[in-house]
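Here is a short report for a first look at one chain. Start with the structure itself, then read on.

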Amino acid sequence: MKIEDDPVIGRFFDTPEKKARWLRRITIAYILWIAFMIAGVAIILLHGLI
């Protein structure tokens with residue numbers, strides 16, 4: 001089953017432009033999540049050392 005055929009989220013991915021836009025947003029969100037995780041771990045480690 002293709003994501004375009006899904007009745008719930010298919011309308012967000014029905015055209016190639018929409019699909020590319022959503023994949024870009026998901027990629028940016030994933031990079032931000034990784035950055036916040038690294039920052040959080042660094043803060044916890046620094047707080048424990050000081």
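## Salt bridges

A salt bridge is a side-chain nitrogen of Lys or Arg within 4 Å of a carboxyl oxygen of Asp or Glu. The structure holds 2 of them. This is a predicted model, in which local features need pLDDT of at least 70, side-chain atom pairs count only at pLDDT 80 or more, and totals for chains, interfaces and linings use all residues. Residues are numbered from 1 along each chain as its sequence is written, and side-chain values use heavy atoms, with hydrogens and water left out.

Lys-19 pairs with Glu-4, and their closest N and O atoms are 2.9 Å apart. This pair links distant parts of the chain: Lys-19 sits in helix H1 and Glu-4 in the segment before H1, 15 residues apart. Helices (H or I, at least four residues) and strands (E, at least two) are DSSP runs, numbered from the N terminus. Asp-14 forms a salt bridge with Lys-18, with the closest N and O atoms 3.4 Å apart.

## Exposure of the paired residues

Buried means under 20% relative accessible area, exposed means over 50%, and partly exposed lies in between (1.4 Å probe, protein chains only). Lys-19 has 32% relative accessibility, so Lys-19 counts as partly exposed. Glu-4 is partly exposed too, at 27%. Asp-14 has 44% and is partly exposed. Lys-18, at 31%, is also partly exposed.

## Overall form

How many helices and strands does the chain have? The secondary structure comes to 1 helix and 0 strands. The radius of gyration is 18 Å, well over the 10 Å that the globule rule gives for 50 residues, so the chain is more spread out than a compact globule. That radius is taken over C-alpha atoms, and the rule is 2.2 Å times the number of residues to the power 0.38. Along its principal axes, the C-alpha trace spans about 55 × 20 × 15 Å.

Buried residues make up 4% of the 50 residues. The chain exposes about 4700 Å², and carbon and sulfur atoms supply 74% of this area. Accessible areas come from the Shrake-Rupley method with a 1.4 Å probe; for residues, only the protein chains shown count as cover.

## A nonpolar patch

Which residues form a nonpolar patch on the surface? They are Ile-3, Val-8, Ile-9, Phe-12, Trp-22, Leu-23 and Ile-26, with about 590 Å² of accessible area together. Patches are made of residues with over 30% relative accessible area and no salt bridge; like charges are joined within 9 Å, and nonpolar side chains (Val, Leu, Ile, Met, Phe, Trp, Tyr) within 5 Å.

Trp-22 lies in helix H1, which covers residues 16-49. Trp-22 has a relative accessible area of 31%, so this residue is partly exposed.

## The segment before H1

Thr-15 has its place in the segment before H1. Thr-15 is partly exposed, with a relative accessible area of 27%. Thr-15 and Glu-4 are 11 residues apart in sequence, and their C-alpha atoms are 8.3 Å apart in space.

Lys-2 also belongs to the segment before H1. Is Lys-2 buried or exposed? Lys-2 is exposed, with a relative accessible area of 55%.
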